[in-house]
Amino acid sequence: MAKDLLEKGAILQRDKQTYAIAPHLPGGIVSAEQLRKIADVAEKYEAATLKVTSSQRVAIVGLKEEDIDKAWDELGIKPGAAIGICVRSIKICPGTTFCKRGQQDSVGLGLKIDEKYHGMPLPSKFKMAVSGCANSCSEPAIKDIGVMGTPKGYTVMVGGNAALKPRLADVIADELNEDEVLSLVDKIISFTKSNGSKHRLGRVIDEIGIDKFKKEVGLQ
Ligand code: SF4
């Protein structure tokens with residue numbers, strides 16, 4: 001039976017015959033040239049549609065299996081981690097780069113996090129988000145790690161997720177600068193690797209307790 005082609009970053013569609021691919025567009029920030037290329041490839045290989053995804057990507061939907069390699073070659077963009085047990089998307093709001101309400105540089109910080117962690121294999125699916133102010137347009141409160149800008153720095157929250165049992169993230173630190181956030185993210189990722197649970201971080205935190213978790217990541 002046909003299935004997802006993980007090594008090609010291709011997701012089997014409902015028709016059980018065609019595939020979607022999602023080029024990696026860090027933070028959803030994309031040049032006109034890249035968008036044209038995506039549109040050209042979709043047209044050339046007669047994709048069913050283009051889908052702007054909740055992970056700030058543009059998926060090419062409805063490709064034939066024999067066209068997937070050629071499509072990736074022509075795109076010249078690496079695959080987004082849309083499937084697999086790894087760090088998936090790092091959702092980034094426009095922050096002080098573009099948004100008049102921005103209080104912190106969510107784009108600068110988010111792209112650093114993306115560069116370091118996007119696609120990194122972990123024992124569980126893992127999502128992150130960075131927002132430039134408390135309006136939280138990138139939804140940090142429902143991510144495994146959510147970073148939210150405030151006038152005094154960044155607030156870091158952990159263990160959020162959507163899905164069947166939605167969970168709001170727990171705030172574990174605030175008023176951090178960029179370097180402090182990056183160091184804390186590193187510790188949380190290391191904890192997730194060594195803990196080895198296949199469950200989302202929120203469930204792990206519920207099992208061990210938030211105080212023990214904070215100790216594990218050097219906060220107590
Ligand atoms: S979270 Fe704040 S800074 Fe980011 S897009 Fe929304 S309003 Fe702008």
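Me: How do you know what span is expected of helix H5 (residues 178–195), and what does H5 reach?
Reply: The expected span is 1.5 Å times one less than the number of residues. H5 has 18 residues, so 26 Å is expected. From first C-alpha to last, H5 reaches 26 Å, close to that value. H5 is a helix as a DSSP run of H or I, at least four residues. The model is predicted: local features need pLDDT of at least 70, side-chain atom pairs 80 or more, while totals for chains, interfaces and linings use all residues. Numbering runs from 1 along each chain as its sequence is written, and side-chain values use heavy atoms, without hydrogens and water.

Me: Which residues of H5 are called buried?
Reply: Glu 178, Val 181, Leu 184, Val 185, Ile 188, Ile 189, Phe 191 and Thr 192. Buried means under 20% relative accessible area, with a 1.4 Å probe and protein chains only.

Me: What makes these residues a face of H5?
Reply: Their arc, taken from the directions from the helix axis to the C-beta atoms, is only 155°, so they lie on the same side of H5. The face turned away carries Asp 179 and Ser 194, both exposed (over 50%).

Me: What follows just after H5?
Reply: Gly 196, with a positive phi of about 80°.

Me: What classes of residue make up the lining of the largest pocket?
Reply: Three nonpolar, four polar and seven charged. Asp, Glu, Lys and Arg count as charged; Ala, Val, Leu, Ile, Met, Phe, Trp, Tyr, Cys and Pro as nonpolar; the others, Gly among them, as polar.

Notes
Helix = DSSP H or I, 4+ residues; strand = E, 2+ residues; numbered from the N terminus.
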